[in-house]
Amino acid sequence: QFFRTGLVINQKSESTDQMHLDMEVVFARKYAINLREEVLKGMTEKVRRGGFPCTAPVGYLNNRATGEIDLDPERAPLVKKLFSLYATGRCTLNDVRDAAAKFGLRYKNHSNSLGRASVYTLLQNPIYCGIVHWRDLEVEGNHQPIIARQLFARVQEVLGRETRPRVLKFAFRGLADCGACGSL
C-alpha cells in the first residue's frame, strides 16, 4: 500500500493501478539519481575549496561546527610515528601493523587494531601531508598536515620497493594432507 496515494497493489489490481505503480517507481528512481548527483556536486565543491568531503581518516576528527577536519590529539602523533618508522626502510608493513597495535592505534569506532591493508592504505593517503585527493581532484587542503611532504614522498618510495608475495598455482593444491603432521 502506498500511504501518500492510497494505492493498493495485489494480483487483482487493474492495469491502470499497475501503470501508476510503474510511474511511481520511475519517479522514485529519478529522485534518487538526482539526489546522488546533487550530493556529489556539493562534495566536489567542498574539495575544490580545500575541504575533506568524507569521514575523517585515522589521525583526524570531523569538526561538526566548521565542517572541516582537525587533528586528533591522541592518534595524530601515533600516525606520525608509523610514517617515520616505515620511512626508515627497515620495516615491513607487518612490522608497522604490529607497531600500530603496540602503540594502541585502533579504528575509530572499534576496539580492533589496524590491519595490514588499513596500514597500507594509511601510508598511501596524501591527506596526511596536507593534500586532499578525491575522485579526479587533488588540491591543497585546509587542514593541518600530520607529516611533512618529504616524509610522505620517502614512504611512497619505500612502498614502491615492497613486493607482494606471488601466489603459485599448483595442480591439486589443497586436496591432500600429510597423515603424520597434517600439513598440505
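## A strand pair

Which residue in β2 is the bridge partner of Asn 62? In this predicted model, that partner is Ile 69. The bridge belongs to a set of four that join strand β1, residues 60-63, to strand β2, residues 68-71. The two strands run antiparallel.

Between β1 and β2 lie four residues, and the strands form a hairpin. Gly 67 sits in the turn and has a positive phi of about 80°.

## The nonpolar core

The largest nonpolar core contains 38 residues. Within this core, Phe 83, Leu 123 and Tyr 128 have the most contacts. Six elements are listed as giving two or more residues to the core: the helices α1 (15-48), α2 (76-87), α3 (93-103), α4 (116-124) and α5 (149-161), together with the strand β3 (131-134). The most comes from α2, which gives seven residues.

Tyr 128 can be followed through its contacts. Apart from neighbours within four places in sequence, Tyr 128 touches Pro 57, Val 58, Tyr 60, Val 79, Phe 83, Leu 122, Pro 145, Ile 146 and Ile 147. One of these, Phe 83, is also named with Tyr 128 among the residues with the most contacts inside the core.

## Packing of α2 and α3

The axes of α2 and α3 are 10 Å apart, and the helices pack at an angle of about 155°. Angles over 145 degrees count as roughly antiparallel, so α2 is roughly antiparallel to α3. Their crossing is right-handed.

On the α2 side, the residues that meet α3 are Leu 78, Lys 81, Leu 82, Leu 85 and Tyr 86. Their counterparts in α3 are Leu 93, Val 96, Ala 99, Ala 100 and Phe 103.

Terms used
Residues are numbered from 1 along each chain as its sequence is written. This is a predicted model: local features need pLDDT of at least 70, side-chain atom pairs count only at pLDDT 80 or more; totals for chains, interfaces and linings use all residues. Side-chain values use heavy atoms; hydrogens and water are left out. Two strands pair if DSSP finds at least two bridges between them. A nonpolar core is a set of buried Ala, Val, Leu, Ile, Met, Phe, Trp, Tyr and Cys residues joined through side-chain atoms within 4.5 Å. Buried means under 20% relative accessible area, exposed over 50%, partly exposed in between (1.4 Å probe, protein chains only). Contact means heavy atoms within 4.5 Å. Axes are lines fitted to C-alpha atoms, for helices over the stretch in contact, and angles run from 0 to 180 degrees between N-to-C directions. Angles under 35 degrees count as roughly parallel, over 145 as roughly antiparallel, 65 to 115 as roughly perpendicular and the rest as oblique. A crossing is left-handed if the near helix is turned anticlockwise from the far one by less than a right angle, and right-handed if clockwise.
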